[in-house]
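User: I'd like to go through this one step by step. Can you take my questions in turn?

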Amino acid sequence: MNSIKAFDISKKYNQITALEHISFQVDEGEIFGFIGPDGAGKTTLFRILTTLVLPDAGHGSVCGYDIVKDYKKIRQIVGYMPGKFSLYQDLSVEENLAFFASVFGVSVHNNYHLISDIYSHIEPFKERRAGKLSGGMKQKLALCCALIHKPKVLFLDEPTTGIDAVSRKEFWNLLKGLKNEHITILVSTPYMDEASLCDNVALIQDGKIMKTAPPNAIISGFDKKLFAIRAQSAYHLISELEKHPACHAVYPFGQELHFVTMNENLNTDAIKKYLEEKKHTDVEIKLADITIEDCFMDLMNK
Amino acid sequence: MKSTEKVIVVKDLVKDFGSFRANNHLTFEVYKGEVFGFLGANGAGKTTAIKVLCGLLKPTSGYVKVAGYDVYSQSNSIKAAIGYMSQKFTLYEDLTVYENITFYAGIYGLKFKEIKQKSLALIYKLGLEAHTHKLIKDLPLGWRQKLAFSIAIIHNPEIVFLDEPTSGVDPITRRQFWKMIYEAADRGITVFVTTHYMDEAEYCDRISVMSEGCIVALDTPYELKKKYGARSLNEVFLELVRTKQSI
């Protein structure tokens, strides 16, 4: 069953196009990721689906309710965690939680099982003001507050932006745990490596969805050959590789360079020979594991 | 190593806020023209250390010299010798591209003639000719970040501090940004950078990792991976920070 449906949604702010013909569907209990940089339109889309902003064109529904007509119903059944920390900075951790529960007319006690895993991380600091928490802890508290009324659908707008790698990993483990509660999760992130943690992803750039598919299908859809290359001088290596006749793209990728080519017949030996003729020593070269980030950059260039 | 000339020297830096120790005996050095990655978990004390290095906060104790100046007595000289940009504060949104450049160049004490000439050169280099008189808020984030970085080094500082400069920027623009970082380092500008993208940490000459107010590791990416038997710096980071961190 579809939890969320969006059909041909567009939105402009004055001259600036925020969203252009956005269509997608999310099944119940699924983790669906919107992967894209700042300014891609992720926040606008989340605001439209949570009934905070009206679309200029197109229509959509959340759990069968229309995002324009049935806005009151939708607000009762969704949890929304905005990108900017939105809790009350001067209230303590437990006061924030009690406040959000009371707004939705539920008790913290009755729904505690939903948040117990997450809340246990911040409970030692329950008397601390929310504004004094570290980044990772703030996000955990915000997630608890968005969950306390047992929403059917959870909207998480960049919950891990600016959060360190350890806290990011923990946060995703907590989201996986929520799958058992059959809560549908729509999550956005600028970190490409988080795509693999979703059931389905939409790659979004400049207000348009470039591709929607399960992460492994996006990777297997990469239609070019990709090499990972290392040598002594990475900086000069790039400019040499850019001049290679079969070069489609070359860019740094972690400790290596990724070299993309449309030439199916190009092999590691040929590239190695080419670089050694250019006086590069210690060249290490192999076929690379394709990542979502490679696919994203390839789609951006289309 | 590109150079043995030290532009940042920190010995036993301690910074307390009341009973809370944000920086607990930090000791490290940064060399001229180096790209130095300053990593750590949220709340580990990175921002405090950067504020001390920029001359914005006085240390509780310890020896800190930046660009040859002492942080206790010469903080104004430090401010003139460095550049700074962050993801949060970059440019004035209600000023145009040209106004932002000339404003900062003026603040950094460039002469009138120099300002005009450098502003035009910068606009040309970034390919922003058609956008010279556009407001910053109408520019895409990636362009803004590239412009902010160029402005932060317009006065040819000894060191530029970059606090999560590429956060939220698309993958292609992030790489263009790093190319600019390399160019600056090649010109002898030392780059001191924080990031949460672990693949970017791989691009640094050396990195330090902070946890709970202390530096728990400092070396080249290659040596750190070797030491921890890890395939990527992400693994190194998780290993180092997870063992220390409770939350």
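User: At roughly what angle do the axes of H5 and H6 of chain B cross?
Analyst: Take helix H5 (residues 141-152) of chain B and helix H6 (residues 171-186) of chain B, whose axes come within 10 Å. Helices here are DSSP runs of H or I with at least four residues, strands are E runs of at least two, and both are numbered from the N terminus. Axes are lines fitted to C-alpha atoms, for helices over the stretch in contact, and angles run from 0 to 180 degrees between N-to-C directions. The crossing angle is roughly 10°.

Before we go on: this is a predicted model, where local features need pLDDT of at least 70, side-chain atom pairs count only at pLDDT 80 or more, and totals for chains, interfaces and linings use all residues. Residues are numbered from 1 along each chain as its sequence is written, while chains are lettered from A and ligands numbered from 1 in the order in which they are written.

User: Which residues of H6(B) meet H5(B)?
Analyst: Contact means that the C-beta atoms, placed from the backbone, lie within 7 Å. On the H5(B) side you'll find B:Gly142, B:Gln145, B:Lys146 and B:Phe149. Their counterparts in H6(B) are B:Thr173, B:Gln176, B:Phe177 and B:Met180.

User: How far apart are the C-alpha centres of the two domains of chain A?
Analyst: Domain bounds come from an automatic or database domain assignment, which gives domain 1 (2-213) and domain 2 (222-300) for chain A. Their contact takes eight residues from domain 1 and six residues from domain 2. The C-alpha centres lie 38 Å apart.

User: Which elements give two or more residues to the side of chain A that touches chain B?
Analyst: The contact between the chains takes 29 residues from chain A and 29 residues from chain B. On the chain A side, the elements are helix H5 (135-147), helix H6 (165-178), strand E12 (247-253) and helix H10 (292-300).

User: What is the bridge partner of A:Tyr251 in E13(A)?
Analyst: E12(A) and strand E13 (residues 256-261) of chain A pair in the antiparallel sense over six bridges. For A:Tyr251, the partner in E13(A) is A:His258.

Notes
Two residues are in contact if their C-beta atoms, placed from the backbone, lie within 7 Å. Two strands pair if DSSP finds at least two bridges between them.
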